[in-house]
Amino acid sequence: MSDLMTYVYGVTRADDALADRVAALEGVVGAPVHLVPGGDGLVLVASQVPAEDFREQTLRRRLEDLDWLTEVARAHHGVVEAVAAYTTVLPLRLATVYLDDARAREVLDSGRELFADRLARLSGHVEWGVKVYVDPSAAPETPPAPTEAELSPGRSYLRGRRQQQRVRDTVHEAAQRAASGIEAAGREYATERARHRVQQGTLAEAAGENVVNDAYLVPLESGEAFRAEVARAADGLAGVRIEITGPWAPYSFAMASEETGGDAAGAGP
């Protein structure tokens, strides 16, 4: 049994310069990056990792170690972005590993029509991330109602709660209008959209409540127009904030784990 496994970052098409370019990259655990060639000009961008850390049961525990996970994710991202800056790459999910290069090549060849089709769809496209946040505290205060003579503490409390709910409802309605504007920009400029679960808890680092968390696949030449149109979607909407990130390699449009012979938890076949 080998003490090394093959970690795969993505699929791309080979050319004369690609091998030299990836050889200059440093992958997960600092390992050198290499290509695993398959049929029809497709190649896997790969490196070797210690089997003791990436076999299924160990890896599931490792993925709960945020420091370790961050380090792996940073290295994975670095390789994918470097290749994406040079050519179209189909990113595979974090911690996609195979027993060895031969097994990885077997998966590539068995799915080459699907890989080739997906690469063609991604060619000339980048991913833009769009999040919408609502923050009622950022909305302007509504002028107080006409003074009533004297309010009991209970009535005063209820009036305050009703006022807070009105503000919250107004801000959420505004966020819905912003989301509609973003979707319209997507229909005009993007070729695909991926919907992600809104971020909550420790993932929700930004201020406000995340109510939209989408990614759009946009042609390179339309990127800035898409970005500008999305940014305008919240114009004049108090308490609504849009966060736009990108352009990225198309991570959100990567292949599902069942399509790559492994799984997101890194189980090698």
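Author: Start with a charge and a ring. R241 lies over the face of Y133, at 4.4 Å from the ring centre. A charge sits over a ring if NZ of Lys or CZ of Arg is within 6 Å of the ring centre and within 35 degrees of the ring normal.

Reader: Before we go on, what kind of model is this, and how are residues numbered?

Author: It is a predicted model, where local features need pLDDT of at least 70 and side-chain atom pairs count only at pLDDT 80 or more, while totals for chains, interfaces and linings use all residues. Residues are numbered from 1 along each chain as its sequence is written, and side-chain values use heavy atoms, with hydrogens and water left out.

Reader: How do I read a nonpolar core?

Author: In soluble globular proteins, nonpolar side chains tend to be buried together. A nonpolar core is a set of buried Ala, Val, Leu, Ile, Met, Phe, Trp, Tyr and Cys residues joined through side-chain atoms within 4.5 Å. Buried means under 20% relative accessible area, exposed over 50%, and partly exposed in between, with a 1.4 Å probe and protein chains only. Here the largest nonpolar core has 26 residues. I182, F226, V230, V240 and I242 touch the most other members.

Reader: Which elements give two or more residues to this core?

Author: They are strand 5 (125-134), helix 7 (153-189), strand 7 (209-219), helix 8 (223-232) and strand 8 (240-248). Helix 7 gives the most, with 9 residues. Helices (H or I, at least four residues) and strands (E, at least two) are DSSP runs, numbered from the N terminus. Apart from this core lies another, of 24 residues, with L18, L35, V80 and V89 among them.

Reader: What does F226 touch?

Author: Contact means heavy atoms within 4.5 Å. Residues up to four places away in sequence are not counted; F226 then touches W128, V130, A185, G186, Y189, Y216 and V218.

Reader: How many aromatic pairs are there in the whole structure?

Author: A search finds 4. Rings of Phe, Tyr and Trp (its six-membered ring) pair if their centres lie within 6.5 Å; planes under 30 degrees apart count as stacked, over 60 as edge-to-face and the rest as tilted. Take Y7 and Y9: their ring centres are 4.8 Å apart and their planes are at 50 degrees, so the pair is tilted. Y216 and F226 form a tilted pair too, at 5.2 Å centre to centre and 55 degrees between the planes. That pair links distant parts of the chain: Y216 is in strand 7 and F226 in helix 8, 10 residues apart. Y7, Y9, F54 and W68 form one aromatic cluster.

Reader: Is Y7 buried or exposed?

Author: Y7 has 0% relative accessibility, so it counts as buried. Y9 is buried at 1%.

Reader: How do I read strand pairing?

Author: Two strands pair if DSSP finds at least two bridges between them. Strand 1 and strand 3 pair in the antiparallel sense over 9 bridges. In strand 4, V97 is the bridge partner of Y7. Strand 1 is mostly covered, with 8 of its 10 residues buried.

Reader: Which side chain has a polar contact with T6?

Author: A polar contact is a pair of N or O atoms within 3.5 Å; within protein, one must be able to donate a hydrogen and the other to accept it, and residues adjacent in sequence count only if both atoms are side-chain atoms. The side chains of T6 and D101 make one at 2.7 Å. T6 lies in strand 1 (residues 4-13). T6 is buried, with a relative accessible area of 1%. The side chains of D53 and R62 are also joined, at 3.2 Å.

Reader: Where is the cis peptide bond?

Author: It joins G246 and P247, with omega about 0 degrees. P247 is in strand 8.
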